[in-house]
Amino acid sequence: MKYADLHPNIRIRIITDFFTDLTQKSIIPFMAIYLSIQIGAGLAGLLLTVNIVASMIVGLWAGYWSDRIGRKKLMVIAQTLQVVALFCLAIANSPWMDSIIVTCLMFLLSSLSSGITVPIANAMIVDVSSEHERHYVYGLQYWTTNVAITFGALMGGLFFESFRFLLFSLVCLESLATLFILIFMIRETMDKRALDCGEAPIQKNILKTYGAVFQDKRFMIFFTATVLAVSLEFQLDKYIAVRLKNEFTAQLFGSDISGLHMFSLIMVINTVMVALVAIPFTRWIGRFQSRSIMTVGMLLYTAGFTVLAFSNWAWLLISSAILLTIGELMYAPVRQVMLAGMIPDSDRAAYMAADGLSYNAAALLGSLGLTIGAFLPSYAMAGLYILMGLGALVFFRMLLRKAEDQNQHLPCADAS
């Protein structure tokens, strides 16, 4: 499988998604600090919560309507809103104007735009990819996302505090270029014949649509497994970071390192490994069965986080960071392929939007882990991580086994 062999829409989306992620990660992590200084931590936290909830709601709305009127139209609308939001953010933080009210409103508009785009873009990839392509596509997408996060954080760190006008102007130009690409190069991927023949469930309202999604037992097993798995990742910058700050001190290469230094080193190891080996590694593991990849990946991923929960030995922490990164590189693309294979054609974007809620639930569990960790010893938190990781693995394997059994009973099943 090569990049040039992919559908043109996928090739374009991977590039535009990289720049979209770059835009978001150069703004969002630093906006919390900026708003805390400008309007106070309490009000800033409330505003960020409103942004997250509003993004979730509009994502569900976009998923519903994308399955009824098509992908491209809503993506163009969302990208237009993004351009407007970033343009106004630049003006509101320019030498001619400094408005915290406009900044807050346009930050909300930017979040709404992202909430619309994500489920539709994910559904578009499923529309035009075959099952044997998806391991490669999702591995490549995972790599570009992590690289974008790295460069976005670097851009935000360099420009956000002192050069916000320049930063917002640059990302506005990038978003404008993305808008023109969407208008003139992206093609509609949803089967219009289904709409013309009345096969799409237009008469089903949004509540009935998502009611059916959350009554889908296979999807809910997948949803639960995702929450358990991803919540471990959200522990890294919460409980694990705080524990290392409070408990860890060591020497490495003759120099004293603090818990914050070790946490930064773990993040660097994760980022560099993903950037260097994600694509060739994904190609290599693609030759193995999905159930085997998921099993080994989740075991490594769980073991890595378990050690980070209690160990204060520097080299063991470094080894664990490597293990969990390898595990994540193995299980994450398989998870995406599983999702693409289980959702019905008529409600693809709705299912993608519902899947996005699993990340919000995982983020809540990540925050809850910090609270629980204040009362439990580190070895108890490690035990909790083991239960979460093994629980996710059991659910994922259950679904993979059912999928394999179904394929074996289909006489013309595609073995690729």
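**Aromatic pairs and a surface patch**

Good morning. Phe19 is partly exposed, as its relative accessible area is 34%; buried means under 20%, exposed over 50%, and partly exposed in between, with a 1.4 Å probe and protein chains only. This is a predicted model, in which local features need pLDDT of at least 70 and side-chain atom pairs count only at pLDDT 80 or more, while totals for chains, interfaces and linings use all residues. Residues are numbered from 1 along each chain as its sequence is written, and side-chain values use heavy atoms, with hydrogens and water left out.

I turn to the rings. The whole structure holds 16 aromatic pairs (ring centres of Phe, Tyr or the six-membered ring of Trp within 6.5 Å; planes under 30 degrees apart are stacked, over 60 edge-to-face, the rest tilted). Phe18 and Phe19 are an edge-to-face pair, because their ring centres lie 5.2 Å apart and their planes meet at 85°. Tyr64 and Trp65 also pair edge-to-face, at 5.1 Å centre to centre with 85° between the planes. Tyr64 is buried, at 5% relative accessible area, whereas Trp65 is partly exposed at 34%. Elsewhere, ring pairs join Phe222, Tyr301, Phe305, Tyr331 and Phe396 into a cluster.

Finally, the surface. Leu173 is exposed, at 56% relative accessible area, and belongs to helix α7, residues 164-184 (a DSSP run of H or I, at least four residues, numbered from the N terminus).

How values were computed: Helix = DSSP H or I, 4+ residues; strand = E, 2+ residues; numbered from the N terminus.
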